[in-house]
Amino acid sequence: MSNPYPSFVQIDAASGEVSPFTGRYKKHLSDLEGIFHDRTAWSDAVRDLADPVVYEVVEYRQDGCDLFFGTTIIAPGQVGPEYYMTRGHFHLRRDRGEVYSTMKGQGILLLESRSGQTEVVDMREGYVASIPPDWAHRTINTGEGPLIFSWVCSVDAGNDYASIRERGMRKLVVERDGQVAVIDNPRMG
């Protein structure tokens with residue numbers, strides 16, 4: 001295998017666009033079934049809001065490189081009291097971490113270890129978060145505009161979305177009396 005040649009990519013901090021990019025996907029509200037606590041509010045929002053895009057991921061991969069990177073753009077919005085968020089995941093490779101750098105907006109990075117320890121990290125412009133190996137991570141947009149962050153991860157990390165989809169996370173991020181609140185997930189009993 002030959003060594004990859006250096007490459008250069010531009011990331012627009014205002015929009016989250018990556019140029020050039022090698023992949024991109026969008027998650028509509030209907031794709032996030034089971035993620036939001038209030039399932040009735042979720043189904044009503046899918047119908048009433050015409051199934052909006054909640055977030056988009058744009059990535060850049062280079063053949064032969066052990067890292068890849070990109071951006072995630074989360075729209076502002078809520079389902080019931082919960083803010084729009086990513087699905088959340090562990091990495092399939094339990095020895096792989098990730099780095100997030102907030103470029104625009106504000107939000108929360110919700111972290112949870114497999115043993116149940118939770119951490120809440122503010123995401124604001126200029127903040128960088130190091131996600132340790134074997135911690136689930138979910139990003140929540142608590143602001144009025146888009147939350148845009150760049151990320152860097154090992155190509156072989158893989159994503160385990162099923163664990164979080166099946167059991168949820170121990171904490172929910174909601175609006176309470178006009179303020180952001182992190183509360184215990186009632187489903188975790």
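Which residues is leucine 29 in contact with, leaving aside its neighbours within four places in sequence? They are Phe36, Trp42, Ala45, Val46, Asp51, Pro52, Val54, Val79 and Tyr84. Contact here means heavy atoms within 4.5 Å.

A word on the model. It is predicted, so local features need pLDDT of at least 70 and side-chain atom pairs pLDDT 80 or more, while totals for chains, interfaces and linings use all residues. Residues are numbered from 1 along each chain as its sequence is written, and side-chain values use heavy atoms, with hydrogens and water left out.

Now the core. The largest nonpolar core has 37 residues. Leu29, Phe36 and Val79 touch the most other members. Such a core is a set of buried Ala, Val, Leu, Ile, Met, Phe, Trp, Tyr and Cys residues joined through side-chain atoms within 4.5 Å. Buried is under 20% relative accessible area, exposed is over 50%, and partly exposed is in between, with a 1.4 Å probe and protein chains only. There is also a second, separate core of six residues, including Val58, Ile73, Met103 and Ile148.

Next, the sheet. Six strands form an open sheet in the order β3-β4-β5-β13-β8-β11, and the pairing is antiparallel. Strands are DSSP runs of E, at least two residues, and helices are runs of H or I, at least four, numbered from the N terminus. Two strands pair if DSSP finds at least two bridges between them. β3 (23-28) and β11 stand at the edges with a single partner strand each, so one side of each has no neighbour in the sheet. β8 and β13 are joined by six bridges. Lysine 104 has isoleucine 148 in β13 as its bridge partner.

On to the rings. How many aromatic pairs are there? The count is three. Rings of Phe, Tyr and Trp (its six-membered ring) pair if their centres lie within 6.5 Å; planes under 30 degrees apart are stacked, over 60 edge-to-face, the rest tilted. One is tyrosine 60 with phenylalanine 69, tilted, at 5.5 Å centre to centre and 40 degrees between the planes. Tyrosine 60 is buried at 12%, whereas phenylalanine 69 is partly exposed at 27%. Another is tyrosine 100 with phenylalanine 149: centres 4.5 Å apart, planes at 35 degrees, so tilted too. Tyrosine 100 is in β8 (98-104) and phenylalanine 149 in β13, so this pair ties together parts 49 residues apart in sequence. Phenylalanine 149 is buried, at 1% relative accessible area.
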